Amino acid sequence: MTQHLATTDRPADAPADAARRAGWWRDAVIYQVYPRSFADANGDGMGDLPGIRSRLPYLRDLGVDAVWLSPFYASPQADAGYDVADYRAVDPMFGTLADADHLVADAHGLGLRIIVDLVPNHSSDRHEWFQRALREGPASPLRERYHFRPGQGAGGDEPPNDWESVFGGPAWTRTENPDGTPGDWYLHLFAPEQPDFNWEHPAVREEFHAVLRFWLDRGVDGFRIDVAHGLVKAAGLPDLGTHDPLKLLGTGATPCFDQDGVHEIYREWRKILDEYPGERIGVAEAWTPTARRTANYVRPDELHQAFNFQYLASSWQAGALRQVIDESLEAMRPVGAPTTWVLSNHDVTRHATRFANEPGLGTQIRTAGDRELGLRRARAASLLMLALPGSAYVYQGEELGLPDVTDLPDEVRQDPSYFRAEGQDGFRDGCRVPIPWSGTEAPYGFGPAAGGPSWLPQPAEWAHLSVEAQTGDPASTLELYRAALAYRRAHPALGGADNLTWLDAGEGVLSFERSTDDGRTLRCTANITDRPVTVPTPGELALASEPLTQDGDHTVLPADTTAWWTTG
Ligand code: NOJ
């Protein structure tokens, strides 16, 4: 007998009710919208806020709790909006401030929360402060708000220290004095168009307090904090002793990241967040060497959540996954913060493509690999993730099983690090291609007109992966996500409780149960091997990432498949 997959029943608990729950963020599913690529209302080929607004009912029906929007602020787009020129303005390519207000209001009306991105480590080089700092010359007090330094060597021709930027190339750029002579250098851990702020300067701290309040006053429910571990640098900006580019997910301490002084900043921010009703949250994008160091960002008087990049970086291997799950849960226990889980975002190759390739290639992959295998593993990985205790992040399009687009022509690429040798990133355009909604002709409902533009081209086969094509098909990835999210809401053993018990299921198989005090249990078993395994059927099948077969009182779990059963 073949047992199948997804049910499309709506959960008992509607999103509007869930959003009002105290501690909503402890088990929230947070959906990342990348505004450039989600929905384009005005047909210019670039996603925008009115487009996102028009698709909010889709997100409500998908069953997520909150939406995180990557930056939509005024920006020259040197790094796709992570170079902010005005923290209080919406870039005209995305809409207006009124559009942002309408988006927040509509989301709240649907029971969805809105988390906005905040980029405090650096501004754009077009930010008014930086422009004045350049214009006014070496004596400008505005220079103290960034890291300006004289160069080393004869004539100051060498950068002030040996740091290399994350995107490759020196982390310093030399300025020209107003009289045309070569001047001081400024620090940028990312692109030259992204000068780092000096967080020792009180004006920087005050400005960001005001920016937090500006968006909190407009009703946003929280902030995803970009490069949260980078704001404070080691005193004196000491040499690293190497010319390797900075690695975000390094294994050791560096003077550029994760300095203890950064936590004071988040203690101040937490006080501001707590002044507002409704549990507004802060989420740290903090790439630290260990889950224990990450836990420092979510101590009770700091931020609420931090991304779990160790989990994202794990290969599809049972031992590695088991280890990272255990370490993540253990690390968060002493601070009482929820563990978070994430498989994809706008900076890494989508997990359907990572798992289509051999393990160990990292998170920037250039080859499509075995697509069918990748999708199968991605489905299994998602179902595993959504059964874990804590909060989960879903990146737009992963619910459609989208792969990375690995064959984009050079002339359409926009990732700044693609054009700089050696940097850690560079292949991020592949996960940023506009998502398909409907129809058989590009842009597949991303924009209003068939045959209309999209800022990155979509592959022809994406017609079959659109929301429209998958809706109602119980074997589709979209219906698998819908069903899994509905289950998460409805089943009392899932969610935020720290109630995971591992079961012994043999080599290459991960199996755990989550139970309520009154004995209601959800069992999740993931076969991470390349052959079927037979397990005793533990209860009633809730969901499976592939069809299962029943053999008496046993279930055959095919290769690379996850299933959930309920008991009690
Ligand atoms: C992390 C963001 O996610 C990434 O897209 C950006 O390039 C860097 N921070 C720099 O802001």
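I began with the side chain of Gln458, which reaches the backbone oxygen of Pro443 at 3.2 Å. It also reaches the backbone oxygen of Pro434, at 3.1 Å. I counted each as a polar contact, that is, a pair of N or O atoms within 3.5 Å; within protein, one atom must be able to donate a hydrogen and the other to accept it, and residues adjacent in sequence count only if both atoms are side-chain atoms.

I noted that this is a predicted model, in which local features need pLDDT of at least 70 and side-chain atom pairs count only at pLDDT 80 or more, while totals for chains, interfaces and linings use all residues. Residues are numbered from 1 along each chain as its sequence is written, and side-chain values use heavy atoms, with hydrogens and water left out.

I then placed Gln458 in the loop between strand S14 (391-395) and helix H13 (467-470). Helices (H or I, at least four residues) and strands (E, at least two) are DSSP runs, numbered from the N terminus. Gln458 is buried, with a relative accessible area of 10%; buried means under 20% relative accessible area, with a 1.4 Å probe and protein chains only. Leaving aside residues up to four places away in sequence, I found Gln458 in contact (heavy atoms within 4.5 Å) with residues including Val433, Ile435, Tyr444 and Phe446.

I turned next to the ligand. Of the 14 residues around it, Asp79, His122, Asp226, His346 and Asp347 come nearest; a residue counts as near if one of its heavy atoms lies within 4 Å. A polar side-chain atom of Asp79 lies 2.5 Å from a ligand oxygen atom. For Asp226, the distance from a side-chain N or O atom to an oxygen atom of the ligand is 2.7 Å. For His346, the corresponding distance is 2.8 Å. The protein covers 98% of the 290 Å² of accessible area that the ligand has on its own, by the Shrake-Rupley method with a 1.4 Å probe.

Last, I looked up strand S16 (residues 509-515). Of its 7 residues, 6 are buried, so S16 is largely enclosed by the rest of the structure. Strand S15 (residues 500-503) runs antiparallel to S16 and is joined to it by 4 bridges; two strands pair if DSSP finds at least two bridges between them. I recorded Ser511 in S16 as the bridge partner of Leu503. On S17 (residues 521-527), S16 pairs in the antiparallel sense over 7 bridges, and Arg523 in S17 is the bridge partner of Glu513.

Definitions and conventions
Buried < 20%, exposed > 50% of the residue type's maximum accessible area, 1.4 Å probe, protein only.
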